[in-house]
Amino acid sequence: MKRRARASSLEVDLFRLFEAPGSGASWFTLTGGETLFRAGDVADTLYLVRTGRLGVFRHAEGKESEFVGVVTPGQPVGEMSLVAGTAHTSTVAALRDSEILALPRDAFFAAARKSPDILAELARLMVLRTRDAAGGANDPSVFGFIALREAPIRDFVERVAEAILGLGFTVQVIDQTALKSAAEWFGRVEDSHDFVLYVAEKSETAWAALCARQVDRLFLVGAIDDAPGLPPIPEHPEAETHRASDLILLRPRGAAISGTPDWIKAVHPARWFHVAEGDGADESRIARLVSGTSVGLVLSGGGARAYAHLGAIRALRQVGTPFDFVGGSSMGGIVAAGLALEWDQDELEERIRDAFVRSSPLSDIAVPIIAMTRGNKVDALLQENFGEVMMSDLPLPFFCVSANITTNTYRVHCVGKLRKALRASISLPGVMPPVVDNGSVLVDGAVMKSFPSDVMRAQHRGPIVGVDVSRARGVDSRTVNALENPQSWWRWILSGDWRQGPPIVSILMRSATISTSAELAATRAATDVLIMPELDGVEIRNWQAFAPAVAAGEAAAYQVLSSLDGPITHVRQRRADAASEAAEPEPIPPAPEPRRGRRRKGG
């Protein structure tokens, strides 16, 4: 099941092209951490990886660097921009010491004119790489685990390796005994296994430094009870550009999680994970993270329609779907926060019912100077359910999204107090007062990003399950009738409808969360499993419509799950395997044997 890059005639032809006398090609080395080219640079050279590994990184303004994939020996890099005649769109850097062959653009096209098949094969490779980006091919496969604590971490890494084996992959753990091995030995081990895990204890500084130069991605492993410490590896001046390090904090089983913000300040990890040592579920989560089978669940905003998320989660849990990353916008963020706290299904549904069904959150109506409600009831509900919990201390990685109307950008919340982030994420303009944070005015995340599946994609490489309730009609027939024929204020009070807020709330909520068709299509395309419940009968502010919305979410989830041909954890792997098989040239059938006629008697 080794997920190595496909060998093809293109690789053979390219090596022959680069190494031909008089080709104009040059040879140079990149040390681990050194940049080959940056996004925006002129694409005037075709590169070929001779040895080593390169990482491809995409940068978007205002966002963290996103890891795109690995380029391994025998693969070209920079070919798309070279052929298109455009500037590079990504940054490429050496993940380890690498040898690179370079061929100027003019020399490449001159050679291609003599051998047109090279261009055709290169075009084929570009198509395959586009498919691979969606299927998860060329993901990191070599990981380093470097201890920040005195106690050994080898047993923990071995248990992670056992869990990787259980997922159907091959894996090899390498320790300090390989310190003096030749580079070719490391290459052979990596070529013969799906994943390789390097482990370095805190005292093994020379080995830790080698591991840091050898791997695609680093895990720094500390103990949550210890004082934060720095890793025993030298810093590279461009480390923040591409050398992504994650933090794993181990704790005894049953111990509470606390103190993570101090670790984050000391280590500056890209991501952080909590593991109860010896807990099979937590260690399996790390195994899924390594193997690209971790599952991210992203939940859209949608007011009362977000009750449908509970039904979808119920169905997903019934079929054994693990949740490794969770996030959402607006009400989707509220539900996702319950998952991040590891509430079971009964507790999750009961808390949401108490907070939003039995206690209408929009009933503290105010004189509409800033908003239609004071927001005090929502503040109290958030305090009651989430208290002073810090997001970085949640058992599961979590994010929610708010819209910064001061800078006209969205903000991804993953640190700080959970209830404050959620308060910003659900602050619908005109309905609830906004949150002011360091001079920025934050409102409901659904204003700019109702379904943040692209945010989830930037956080992990595994499958994404999305539940999107934004498809349903925004204003139902009852509300339309109420707007055409508004009842008097005293009838409105006597009917009890005031608990949902006045009808104008529906207009404000829907107007503030309208997304373009193009944006919805793009965010939905970022998911691997998309669940879209039918909720036309559930009005956006009808907080009493709990049961029908939950039932709709459960039904929609089961319908989607029944169409899958395997577990969600491996959906991207199945897609990559299918694309690989489709790309393989059909074998040439053997020539038929000559037909032999029946011999006639007496002939």
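**Salt bridges and a buried helix in a predicted model**

Colleague: Which residue forms a salt bridge with Glu388?

Modeller: A salt bridge is a side-chain nitrogen of Lys or Arg within 4 Å of a carboxyl oxygen of Asp or Glu. The closest N and O atoms of the pair in question are 2.4 Å apart. Glu388 lies in the loop between helix 14 (376–386) and strand 17 (398–404), and its partner in the loop between strand 18 (409–413) and helix 15, so the pair ties together parts 29 residues apart in sequence. The partner of Glu388 is Lys417.

Colleague: On what basis does the model rest?

Modeller: This is a predicted model, in which local features need pLDDT of at least 70 and side-chain atom pairs count only at pLDDT 80 or more, while totals for chains, interfaces and linings use all residues. Residues are numbered from 1 along each chain as its sequence is written, and side-chain values use heavy atoms, with hydrogens and water left out.

Colleague: Is Glu554 buried or exposed?

Modeller: Buried means under 20% relative accessible area, exposed over 50%, and partly exposed in between (1.4 Å probe, protein chains only). The relative accessibility of Glu554 is 18%, so Glu554 counts as buried.

Colleague: How many of the eight residues of helix 15 are buried?

Modeller: Helices (H or I, at least four residues) and strands (E, at least two) are DSSP runs, numbered from the N terminus. Helix 15 covers residues 418–425 and is largely enclosed by the rest of the structure. Its buried residues include Leu418, Arg419 and Ser425.
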